[in-house]
Amino acid sequence: MPTRATGTRRAAVLGKPIAHSLSPVLHRAAYAELGLDDWSYDRFEVDEAGLAGFFEGLGPEWAGLSLTMPLKRAVMPLLDEVSETAASVDAVNTVVFTEDGRKAGDNTDIPGMVAALREHGIEEVESAAVLGAGATASSALAALARICPGEVVVYVRSAARAAEMREWGERLDMDVRTAEWADAAEALRAPLVIATTPAGTADALATAVPERPATLFDVLYDPWPTELAARWSMFGGAVVGGLDLLVHQAVLQVERMTGRTPAPLEAMRRAGERALAAR
């Protein structure tokens, strides 16, 4: 069960580095909109070595935690239960402290991706391409498993990463093929392209955007727009951005931690936009 949305409650985002995180802005905006005046949301820089000690110091006022890298996998042994969604990619980004004292792990990145695409009218695609093969790429595959019955091609830089992505495909019962990064321009002709690479990595692909691109989901939000997203929009393609993902996954976190639904998506989005504009 979720925690009660009454009394003094605490939540926070953990990771390293963490100073850049927009999570406090989004969650605090939700609390204000929901009238949860006794709720607070902070950020703490915590690495894998310090995670268990941080958990040990938490009191009964804690409602939940958001986790970013490098903690999404490291937290799993510390939990009493892990959702099927989180287990499917071995990654937890949300911990809820339940009323009976249990620590429950979940992953809102995956349904957050699906919700962000749905908001832009993407309910199902016949095939897709993924740029990159890091932790976000595995979440992208899990999201595509829900909306893409056809082939997904993942563009990677190494044979080891290619093998990992094929393993994820088998685990998720998906038709996953890998291709070399040198051929990544071919990805841009897919009905849906999900770019999961770090800032700047896909910039060189901007010149290869086709004349009639379909949909790009670029998970970056700062800087925004990326060169690829800007070019995509210039050519009339649909673009889903990293802020869309961030807000939708945060909405689910707020609902799980507070027990209040629906969370105020638009208020959270506006707060995130203002914060990014001020940077």
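Q: In which sense do strand 1 and strand 2 pair, and over how many bridges?

A: Two strands count as paired if DSSP finds at least two bridges between them, strands being DSSP runs of E of at least two residues and helices runs of H or I of at least four, numbered from the N terminus. In this predicted model, local features need pLDDT of at least 70, side-chain atom pairs count only at pLDDT 80 or more, and totals for chains, interfaces and linings use all residues. Residues are numbered from 1 along each chain as its sequence is written, and side-chain values use heavy atoms, with hydrogens and water left out. Here strand 1 and strand 2 (residues 39-45) are parallel and share 7 bridges, R10 having S40 in strand 2 as its bridge partner.

Q: Which residue of strand 3 stands opposite A11?

A: A11 faces G64, and strand 1 runs parallel to strand 3 (residues 62-67), with 5 bridges joining them.

Q: Why is strand 1 described as largely enclosed?

A: A residue is buried at under 20% relative accessible area, exposed at over 50% and partly exposed in between, using a 1.4 Å probe and protein chains only. In strand 1 (residues 9-15), 6 of the 7 residues are buried, so the rest of the structure largely encloses this strand.

Q: What handedness has the β-α-β unit of strand 1, helix 1 and strand 2?

A: A crossover is right-handed if, with the strands pointing away from the viewer, the path from the first strand over the helix to the second runs clockwise. The unit made by strand 1, helix 1 (residues 23-34) and strand 2 is right-handed.
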